[in-house]
Amino acid sequence: MTSVVTSAEKSAVTFSRPVAVGADKSIRSPGVARSNIASSTEHPQGTKPWASQHKNYTVLQQHILFWDRDQDGQIYPVDIYRGFRDLGFNIIFSILAAVIISIGISYPTRLAHSYLPDPFFRIYVDSIHKAKHGSDSGVIDSEGRFVPQNFENLFAKYAKEDKSRSSLTLSELFLLMHGQRSVLDPFGWCASILEFSTTWLLIQKDRKIQKEDLRKVYDGSLFWDIEAKRSNGTGWDKGFKFGRNSMWAIKSD
């Protein structure tokens, strides 16, 4: 069988950012988007039992269910604030998150229901795919499905320090954001920086984010794990803790 050529001699970037090969040994058809399962080579069936419990939602919808506590399909700014507080972010950060996220993606999700902006800046779960922006990781497709091959590619391309390709440092995360940028897309650039920076603040440990933690961020199951650990007294032992009273503080308990 002829091997697939993934690098071209006249294109240095195809050597510095190799794609993940062999994902099909663990995942059936890894290039096919999964509607409701965040698959990886380590967890081809996604998060159990989370995936089966939320099989009627796309992975992108699962990602935001943490903020829809009353399950009415609408996320108010106050819901975003409470969710970030439950994850351990302090008051200032949580307020900023609620304002920026609501202003940024309320209207795109509203378009599935009306051309008029939502007066309450609600985010609609059923149409969250309309809020997908450019210059992102490419792991979630335009309909909110999860593409395993693209998830594996993130670590194949950018995880250089970890030889097992199972973690990303902060500098590698910025290389990822730089490498995924689309031309003339300032909104996408800013959104990507905010999303990945917040993710790093939440799940980093020893200045790295682990592949499994990032996978569970995509399907949203990690948010519930963090809340449970914080509420039962064991605490969340990851995240950036610059200072308990600082703007960026992530409280462990």
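Does valine 99 count as buried, partly exposed or exposed, and at what relative accessibility? Keep that in mind while we look around. One caution: this is a predicted model.

Start with where the residue sits. Valine 99 lies in helix 5. That helix covers residues 91-110. Now the answer. Valine 99 has 44% relative accessibility, so the residue counts as partly exposed. The reason is the cut-offs: buried means under 20%, exposed means over 50%, and partly exposed is in between.

A nonpolar patch on the surface includes Val99, along with Ile91, Ile92, Ile95, Leu96, Ile100, Ile103, Phe121 and Leu194. Together they have about 810 Å² of accessible area. Which helix gives the most to this patch? Helix 5 does, with 7 residues.

Next, a contrast. Serine 221 is in helix 10, residues 221-231. Its relative accessibility is 4%, so serine 221 counts as buried. What is around it? Set aside the neighbours within four places in sequence. Serine 221 is then in contact with Thr47, Trp50 and Lys216.

Last stop: a pair of helices. Two packed helices are described by the angle between their axes and the distance between the axes. Here we take helix 6, residues 148-158, and helix 9, residues 211-218. They pack at an angle of about 145°. Their axes are 12 Å apart. The crossing of helix 6 past helix 9 is right-handed. Which residues make the contact? From helix 6, they are Phe151, Glu152, Leu154 and Phe155. From helix 9, they are Lys211, Leu214, Arg215 and Tyr218.

Terms used. Residues are numbered from 1 along each chain as its sequence is written. This is a predicted model: local features need pLDDT of at least 70, side-chain atom pairs count only at pLDDT 80 or more; totals for chains, interfaces and linings use all residues. Side-chain values use heavy atoms; hydrogens and water are left out. Helices (H or I, at least four residues) and strands (E, at least two) are DSSP runs, numbered from the N terminus. Buried means under 20% relative accessible area, exposed over 50%, partly exposed in between (1.4 Å probe, protein chains only). Contact means heavy atoms within 4.5 Å. Patches are made of residues with over 30% relative accessible area and no salt bridge: like charges are joined within 9 Å, nonpolar side chains (Val, Leu, Ile, Met, Phe, Trp, Tyr) within 5 Å. Accessible areas come from the Shrake-Rupley method with a 1.4 Å probe; for residues, only the protein chains shown count as cover. A salt bridge is a side-chain nitrogen of Lys or Arg within 4 Å of a carboxyl oxygen of Asp or Glu. Axes are lines fitted to C-alpha atoms, for helices over the stretch in contact, and angles run from 0 to 180 degrees between N-to-C directions. A crossing is left-handed if the near helix is turned anticlockwise from the far one by less than a right angle, and right-handed if clockwise.
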